[in-house]
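Subject: Structure handover

Hello,

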Amino acid sequence: EATGDTRDEQGLIARVTSLENTRHLCVGLYDEQGTPSAQSSGCTATKTAAAPAWFRQVVTPLPIEFRRTLAVKGSRPLEILVRADPADEITEAWQDASALLNLMIVSWLAANVLVFITIGFAMRPVSTILRGLDGIERGDYQLRLPAFRLPEFSRISASFNHMACALEKSTAENRFLTQKSLDIQEQERRTMARELHDELAQCLSAIKADAVSIGKWSQGLTPQVYESAQAILSVTTRVFELVRGMIKQLRPATLDELGLLITLGQSIDDWNVRHPDRFCRFTIYGNADLINGLDETANIHLYRIVQECLTNIERHAQARELSVTIEASTEQLCLRVTDDGCGFDMHQVCLGLGLLGMRERANALGSSLEIKTAPGQGTCVTVCMPSRRVSTQAEWRA
């Protein structure tokens with residue numbers, strides 16, 4: 001009704017004052033100096049939207065005002081002002097938005113939990129596959145994966161089992177060939193040692209006997225002949241000692257005749273004689289009959305492992321003290337060679353043929369070679385084999 005017509009001032013004031021239910025609006029009458037003559041209830045009470053400041057900042061619109069000058073009969077002109085107040089609307093918008101946001105958050109959390117559970121259930125075979133790969137890395141080629149529900153994991157399982165089967169077969173074939181090679185090598189060493197002992201040693205003994213005879217006959221008669229006979233005798237003795245050393249390296253005769261303990265004891269004594277600045281201690285725990293009752297294969301493999309360990313210590317360890325220990329029980333037999341040398345880093349040193357040969361010999365005994373070492377902390381080589389390798393005759397004697 002605000003038009004350019006003149007109106008009664010008191011009537012306008014009464015009508016503006018009676019505006020009590022004007023939500024979102026402020027209606028007022030003002031004189032020329034800006035003094036309010038009448039205001040609605042929306043102008044007298046300051047309203048603040050019940051919403052966070054960031055929400056008010058986002059949704060609050062630009063200020064909207066309507067001004068118009070009215071000519072009043074018998075009075076000064078008045079200005080009517082109508083201004084929008086969005087506080088109530090912002091409060092209602094925040095109530096609707098907060099309910100929607102809460103619903104969205106709950107839905108998002110529920111969806112994430114559902115996705116997490118679903119993906120976790122679907123990806124559960126991954127941990128089984130990783131354990132299988134770890135087993136293959138450790139050399140457990142008998143490990144097999146089960147069939148999975150998902151076709152993708154089922155194909156992975158089938159491929160994994162095929163790979164493990166191929167590796168197991170290949171490893172078994174390589175191990176068989178390696179064992180055959182070791183057996184042929186030991187047989188050749190035994191044959192060569194026997195030939196050296198039976199043929200060359202006898203020939204050297206004959207030459208030595210002839211040199212003694214010639215020296216005896218020529219003594220006092222022909223000095224030159226006597227000196228030549230003594231030279232032949234000296235060279236023959238030296239060659240005979242070399243042949244004996246070669247026979248020990250190839251195949252100690254005491255290993256088959258007297259057993260592992262005596263052979264190791266003699267070898268360690270010889271090593272101590274050759275290295276007076278070092279000392280190797282030989283210790284036996286448990287039943288010695290179980291050790292002496294090992295079969296031929298176990299004897300030669302354990303002997304070669306100790307022989308290779310002593311060679312490596314001599315060349316690389318720079319050790320002062322070392323020990324060879326054999327522990328025998330009814331369950332297992334453990335061979336342990338330790339030294340206080342410089343040690344090495346297993347991750348940075350490439351294993352040579354000696355260590356690889358020791359590992360193959362340990363595998364032939366149904367065991368594994370365990371090497372514990374660190375730079376500056378010495379080295380410990382351990383082989384533990386089941387006592388079933390003990391011969392039946394030795395068990396009966398025990």
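Helix H4 covers residues 87–122, and its 36 residues at 1.5 Å a residue should span 52 Å; the end C-alpha atoms are 51 Å apart, which agrees. The expected span is 1.5 Å times one less than the number of residues. Helices (H or I, at least four residues) and strands (E, at least two) are DSSP runs, numbered from the N terminus.

This is a predicted model: local features need pLDDT of at least 70 and side-chain atom pairs pLDDT 80 or more, while totals for chains, interfaces and linings use all residues. Residues are numbered from 1 along each chain as its sequence is written, and side-chain values use heavy atoms, without hydrogens and water.

Buried residues (under 20% relative accessible area, 1.4 Å probe, protein chains only) in H4 are Ala87, Ile90, Thr91, Trp94 and Ser98. The buried residues of H4 pack against helix H3 (53–59).

A pocket here is an open set of points on a 1 Å grid over the protein atoms alone, where a 1.4 Å probe fits, with protein on both sides within 12 Å along at least five of seven lines; lining residues have an atom within 4 Å of a point. Of its 33 lining residues, Arg244, Ile247, Lys248, Gln249 and Pro252 are closest to the centre. H7 (223–250) supplies the largest share of that lining, eight residues.

The second largest pocket holds about 550 Å³. Among its 18 lining residues, the closest to the centre are Gly139, Tyr141, Thr171, Arg175 and Asn363. H6 gives the most to this lining, with six residues.

Regards

How values were computed:
Buried means under 20% relative accessible area, exposed over 50%, partly exposed in between (1.4 Å probe, protein chains only). Contact means heavy atoms within 4.5 Å. Grid points are joined across faces, edges and corners, and a volume is the space filled by probe spheres set on the points.
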